[in-house]
Amino acid sequence: MAEEKPVFLVDPNSTPVAVKIVGRASFQNVMPLQDFLKDATKTGSRSYVFDFSCCTGMDSTVLGVLAGCALELRKLEPKGSLVLSRLSERNTTLVRGLGLHRIATLDLGDQAIDASAVTESLDAGRLDELDSTRLCLEAHENLVETDGGNETKFQDVISYLKNRITEG
């Protein structure tokens, strides 16, 4: 049986903006989500809620993209908010382990977003290697900004990615 392609479903017109992650989210497919969050924030969206009930896993790059969004929202006046809801035990551990619970709200209840409106799928266009490397670098730098303890966890990754960009 083929693995289901991960999808980011959004309702850009809701308040807060609703995002549902379906499948495994990773550095290979998170670019459309990052672009969506940046564009939505630039056009005035200040609050987001993520539903992880159908998320089968995520890597540090995805968490770094979420951290970057939360950090940007905290700089706004009035401040914005990012809520992570319906996280599995494993995803909650990842979020807490990297310090995202300090800059985002964890809704550990079973409050689901209105899934009927979260139907717009973000296009997972093809990433070139340099764009993918830049995305990964920015995401990991966001994690270090979120929690200084992450620097030792990701210093080798950040160094490697910076070298790849310089060589590219």
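Reader: Why does M31 count as buried?

Author: M31 has a relative accessibility of 14%, and buried means under 20% relative accessible area (exposed is over 50%, partly exposed is in between, with a 1.4 Å probe and protein chains only). So 14% puts M31 in the buried class. Before we go on: this is a predicted model, where local features need pLDDT of at least 70 and side-chain atom pairs count only at pLDDT 80 or more, while totals for chains, interfaces and linings use all residues. Residues are numbered from 1 along each chain as its sequence is written, and side-chain values use heavy atoms, with hydrogens and water left out.

Reader: Where is M31 found?

Author: In helix α1. Helices here are DSSP runs of H or I with at least four residues, strands are runs of E with at least two, and both are numbered from the N terminus. M31 is 34 residues from V65 in sequence, yet their C-alpha atoms are 8.8 Å apart.

Reader: What makes V62 buried?

Author: V62 sits in helix α2 and has 0% relative accessibility, so it counts as buried. Leaving aside neighbours within four places in sequence, V62 is in contact (heavy atoms within 4.5 Å) with A25, S26, F27 and V30. V62 and V30 are 32 residues apart along the chain, with 6.3 Å between their C-alpha atoms.

Reader: What about R86, buried or partly exposed?

Author: Partly exposed, because its relative accessible area is 27%. R86 lies in the loop between β4 and α3 and has a positive phi of about 55° although it is not a glycine.

Reader: How do you know that the buried residues of α3 line one face of the helix?

Author: The buried residues of α3 (89–97) are N91, T92 and V95. Viewed down the helix axis, they fall within an arc of 105°, so they line one face. That arc is taken from the directions running from the helix axis to the C-beta atoms. As background, an α-helix has 3.6 residues a turn, so residues three or four places apart point the same way.

Reader: Which elements do those buried residues pack against, and which exposed residues face the other way?

Author: The packing partners are β3 (47–58), α2, β4 (81–85) and β5 (105–107). The face turned away carries E89, R90 and T93. After α3 comes G99, with a positive phi near 85°.

Reader: What makes a pocket a pocket?

Author: On a 1 Å grid over the protein atoms alone, a pocket is an open set of points with protein on both sides within 12 Å along at least five of seven lines; a cavity is a set where a 1.4 Å probe fits but cannot get out. Lining residues have an atom within 4 Å of a point. The largest pocket holds about 270 Å³ of space, where the volume is that filled by probe spheres set on grid points joined across faces, edges and corners.

Reader: Which residues line the largest pocket?

Author: There are 15, and K38, G68, C69, E72 and E138 lie nearest the centre. α1 (31–42), α2 (60–75) and α4 (129–146) each supply at least two lining residues, with α2 giving the largest share, six. The lining splits into five nonpolar, four polar and six charged residues. Nonpolar covers Ala, Val, Leu, Ile, Met, Phe, Trp, Tyr, Cys and Pro, charged covers Asp, Glu, Lys and Arg, and the others, Gly among them, are polar.

Reader: What does E145 touch?

Author: Not counting residues up to four places away in sequence, E145 touches L71 and K75. E145 is in α4, and its C-alpha is 8.9 Å from that of G68, 77 residues away in sequence.

Reader: What kind of peptide bond joins T15 and P16?

Author: A cis one, with omega about 0°; P16 is in the loop between β1 (7–11) and β2. The bond from E77 to P78 is also cis, with omega near 0°, and P78 sits in the loop between α2 and β4.

Reader: How many helices and strands does the chain have?

Author: Five helices and six strands, in the order β-β-α-β-α-β-α-β-β-α-α. Of the 168 residues, 48% are buried.
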